[in-house]
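Biologist: Walk me through this model, please. I want each label set against its cut-off.

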Amino acid sequence: MFTQSNYFIKQEFALFKLTSKYFITNPDNKETIAIAEENISPLHKYSRLFIKKQFFGTKVDIKDAASQQVLYTIKKSGFWAPKVSVTDSAGNNLGHFQSKAFSLKGMFDVYESNNTKLAQVTGEF
């Protein structure tokens with residue numbers, strides 16, 4: 001499905017929408033390949049009216065544009081050192097990103113499914 005090295009991602013704009021939706025397209029022919037959409041509970045949605053969404057965890061489903069079948073799920077949890085997990089459609093863990101707590105540069109580590117550290121990404125200050 002995702003065989004190219006470049007994709008164009010466009011956010012759907014809606015005035016009073018409480019969840020985000022993104023269209024993943026092929027930059028060459030502008031064909032929509034997949035759709036990434038937040039999948040959260042109604043209580044979580046309405047609490048965003050009063051509390052910033054960065055304070056909550058979230059779940060994003062990446063679906064095939066044609067069949068609407070879930071291909072990948074990305075789940076963010078944690079507050080001080082957020083962890084972003086990536087799973088496939090069968091629920092198998094593909095890996096995760098772990099943010100460094102109290103990092104001024106915005107550092108995070110990239111891990112494989114077996115918790116082997118692949119990389120450390122550091123932002124510039």
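Biologist: Why is the pair Glu 37 and Lys 63 called a salt bridge?

Modeller: A salt bridge needs a side-chain nitrogen of Lys or Arg within 4 Å of a carboxyl oxygen of Asp or Glu. The closest N and O atoms of Glu 37 and Lys 63 are 3.9 Å apart. The label therefore applies. This is a predicted model, where local features need pLDDT of at least 70, side-chain atom pairs count only at pLDDT 80 or more, and totals for chains, interfaces and linings use all residues. Residues are numbered from 1 along each chain as its sequence is written, and side-chain values use heavy atoms, with hydrogens and water left out.

Biologist: What makes Glu 37 and Lys 63 a link between distant parts of the chain?

Modeller: Glu 37 sits in strand β3 and Lys 63 in strand β4, 26 residues apart. Strands are DSSP runs of E with at least two residues, helices are runs of H or I with at least four, and both are numbered from the N terminus.

Biologist: Why is Lys 63 called buried?

Modeller: Buried means under 20% relative accessible area, exposed means over 50%, and partly exposed is in between, using a 1.4 Å probe and protein chains only. Lys 63 has 19% relative accessibility, so it counts as buried. Glu 37 has a relative accessible area of 24%, so it is partly exposed.

Biologist: How many salt bridges does the whole structure hold?

Modeller: A search finds four. Among them is Glu 12 with Lys 17, at 2.9 Å from N to O. Glu 12 is partly exposed because its relative accessibility is 28%. Lys 17 is partly exposed too, with a relative accessible area of 38%.

Biologist: What makes Asp 109 and Lys 117 a salt bridge?

Modeller: Their closest N and O atoms are 3.5 Å apart. Asp 109 is at 3% relative accessibility, so it counts as buried. Lys 117 has a relative accessible area of 43% and is therefore partly exposed.

Biologist: Why is the pair Phe 97 and Phe 108 called edge-to-face?

Modeller: The structure holds one aromatic pair. Phe 97 and Phe 108 form it, 5.8 Å centre to centre, with 80 degrees between the planes. Rings of Phe, Tyr and Trp (its six-membered ring) pair if their centres lie within 6.5 Å; planes under 30 degrees apart count as stacked, over 60 as edge-to-face and the rest as tilted. Both values pass, so the label is edge-to-face.

Biologist: Where in the chain do Phe 97 and Phe 108 lie?

Modeller: Phe 97 is in strand β7 (residues 93–99) and Phe 108 in strand β8 (residues 108–112), 11 residues apart. Phe 97 is partly exposed, because its relative accessible area is 33%. Phe 108, at 26%, counts as partly exposed as well.

Biologist: How do you know whether Val 86 is buried or exposed?

Modeller: Its relative accessible area is 19%, so Val 86 is buried. Val 86 lies in strand β6 (residues 83–88). Leaving aside neighbours within four places in sequence, Val 86 is in contact (heavy atoms within 4.5 Å) with residues including Thr 73, Ile 74, Leu 94 and Phe 97. Val 86 and Glu 112 are 26 residues apart in sequence and 9.8 Å apart in space, C-alpha to C-alpha.

Biologist: Why does Thr 19 count as buried?

Modeller: Thr 19 is at 15% relative accessibility, which is why it counts as buried. Its place is in the loop between β1 (8–11) and β2 (21–25). Not counting residues up to four places away in sequence, Thr 19 touches Glu 38, Ile 40, Lys 45 and Arg 48.

Biologist: What makes the phi of Lys 30 worth a remark?

Modeller: Most residues other than glycine have a negative phi. Phi of Lys 30 is near 60 degrees, a positive value. Lys 30 lies in the loop between β2 and β3 (32–38). With a relative accessible area of 63%, Lys 30 is exposed. Gln 68 also has a phi near 60 degrees, and lies in the loop between β4 (58–64) and β5 (70–77). Its relative accessible area is 40%, so Gln 68 is partly exposed.

Biologist: Which elements make up the chain?

Modeller: One helix and nine strands. From the N terminus on, they run β-β-β-α-β-β-β-β-β-β. Buried residues make up 23% of the 125 residues.
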